[in-house]
Amino acid sequence: MADAAAVQDNLLAQPLRLPNGSVLRNRLAKSAMSEALASYDNHVTPLLPRLYRRWAASGIGLLITGNVMIDRRALGEPGNVALEDESDLPLLRQWAESATAQGAQIWMQLNHPGKQSPKGLNAFNLAPSAIPFGKELAGFFDAPREATPAQIEDIIARFGRAAALARKAGFSGVQIHGAHGYLVSQFLSAHHNQRSDEWGGSAEKRRRFVLAVYAEIRRQTGPDFPIGIKLNSADFQKGGFTEEESMETIRALAQAGIDLVEISGGTYEAPAMTGTTQTQKASTAAREAYFLGFAEKARAAVSTPLMVTGGFRSCAGMNAALRGGALDLVGLGRLLALDPDAPAALLRGADSPYQVRTITTGIKAVDRMALMEVAWYARQLHRIANGKKQNPNESGLWALLGTVAASGWGTFRTRRLRAS
Ligand SMILES: Cc1cc2nc3c(=O)[nH]c(=O)nc-3n(C[C@H](O)[C@H](O)[C@H](O)COP(=O)(O)O)c2cc1C
């Protein structure tokens with residue numbers, strides 16, 4: 001137990017009032033982690049409320065769900081929840097209540113993968129332009145088709161529809177997944193978006209898609225419903241989304257009325273979000289969080305609440321970042337996959353006994369990509385959802401083999417179910 005003075009000084013325990021007037025009970029937020037716990041026909045299962053009940057019991061203020069797909073023809077991986085209609089409302093209500101009944105807010109992260117979808121899973125993939133991934137990822141993802149203007153309008157409407165369903169089910173808010181190389185971030189990138197119509201050709205036109213998604217969600221959910229976005233500070237890719245463009249996007253979204261901006265960075269081609277390829281400066285490592293420097297600039301540019309995710313590990317590191325004033329919420333991913341009770345310790349002023357480590361398989365080409373990190377930690381989520389203890393010593397190679405097998409089987413089952 002930490003002493004009373006430490007708890008009093010613990011900025012993590014302070015509540016946060018959001019622009020819509022609702023209050024988060026503290027400064028700890030779970031960042032989105034794809035659970036892949038839906039059925040293979042992409043419906044919610046009872047494992048999701050069970051997992052979130054466990055997290056909410058830890059005292060955390062905000063739970064952001066793993067990415068929920070807005071179109072079942074466009075999945076990011078087997079076992080994604082796809083939300084298009086009211087068929088899942090009873091289980092969605094249980095999912096929302098698993099958090100809200102215990103005093104936490106729960107926001108649903110909404111996503112469209114664009115071309116970032118494993119080979120064979122979808123009949124075809126859409127993207128702003130018909131540009132395939134570079135050679136490192138081309139083996140994982142099929143080359144996409146260029147989306148027509150009508151398909152773009154349909155996707156925008158679907159973001160709004162899914163958000164309205166989330167609201168109806170009792171979710172406290174939604175978050176647009178605008179980071180990590182998925183569709184919204186493909187539109188923002190000059191490398192991936194080489195359109196010459198009104199959706200591309202200049203930074204302003206590339207921003208139109210995310211602003212249209214935000215406006216449609218707002219239209220379909222009403223003026224008071226919290227809408228956030230997870231955005232890259234940059235793609236860390238030659239010719240990709242730059243820091244300056246990210247700052248302009250944040251300014252435009254703030255002006256449009258967004259309620260929360262979560263700052264991350266990188267893509268699966270340059271996975272800075274998990275620190276996998278970033279050549280970190282010593283000062284960044286000392287401050288734990290990978291994107292704090294960018295958050296400081298964003299703080300100077302907008303008054304919208306900011307959340308920073310990536311690299312936070314210790315109570316002292318999180319408090320130092322909050323004290324610096326650049327962020328309002330501390331985002332946690334892998335630590336919560338390893339230790340769902342970590343928020344209880346952090347709110348007491350103590351550290352989790354578990355340590356996030358870099359996961360390796362010994363296969364260089366695999367270890368350079370964030371896919372391995374995600375696979376290993378996702379297996380921990382599955383253990384927790386199934387009532388098992390986490391396994392911090394699981395080998396990277398074993399997790400890789402298990403994930404490849406599960407993904408292959410999941411892709412086969414998804415395609416079969418879709419065909420039947
Ligand atoms: C298993 C796993 C799944 C993830 N899925 C998502 C996701 O669905 N949406 C998203 O925005 N980020 C996703 N991420 C990235 C995390 O939200 C977070 O940005 C990243 O893990 C860095 O934070 P950390 O250092 O606290 O782990 C995922 C990460 C992991 C480990």
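Predicted model: local features only at pLDDT ≥ 70, side-chain atom pairs only at ≥ 80, totals over all residues.
Figure 1. Residues are numbered from 1 along each chain as its sequence is written, and side-chain values use heavy atoms, with hydrogens and water left out. With a relative accessible area of 5%, Asn 122 is buried (under 20% relative accessible area; 1.4 Å probe, protein chains only). Its side chain makes a polar contact with the side chain of Ser 117 (2.8 Å), and a polar atom of the Asn 122 side chain lies 3.0 Å from the backbone nitrogen of Leu 75. A polar contact is a pair of N or O atoms within 3.5 Å; within protein, one must be able to donate a hydrogen and the other to accept it, and residues adjacent in sequence count only if both atoms are side-chain atoms. Beyond its neighbours within four places in sequence, Asn 122 is in contact with Arg 73, Ala 74, Leu 75, Ser 117, Arg 415 and Arg 418 (heavy atoms within 4.5 Å).

**Figure 2. The shell around the ligand.** The ligand is surrounded by 20 residues, the closest being Ala 32, Ser 34, Gln 109, Lys 230 and Arg 334; a residue belongs here if one of its heavy atoms lies within 4 Å of the ligand. Helix 15 (residues 371-385) supplies the largest share of this shell, three residues.

**Figure 3. Polar atoms facing ligand oxygens.** An oxygen atom of the ligand lies 2.8 Å from a polar side-chain atom of Lys 230. For Gly 311, a backbone N or O atom lies 2.8 Å from a ligand oxygen atom, and for Arg 313 a polar side-chain atom lies 3.0 Å from one. The protein buries 98% of the 610 Å² that the ligand exposes when taken alone (Shrake-Rupley method, 1.4 Å probe).

**Figure 4. Nonpolar cores.** The largest nonpolar core has 101 residues, and Trp 95, Leu 110 and Phe 209 have the most contacts inside it. Such a core is a set of buried Ala, Val, Leu, Ile, Met, Phe, Trp, Tyr and Cys residues joined through side-chain atoms within 4.5 Å. Helix 5 (residues 149-169) gives the most to this core, nine residues. Apart from this core lies another, of eleven residues, including Leu 16, Leu 260, Met 307 and Leu 329.

Conventions: Buried < 20%, exposed > 50% of the residue type's maximum accessible area, 1.4 Å probe, protein only. Helix = DSSP H or I, 4+ residues; strand = E, 2+ residues; numbered from the N terminus.
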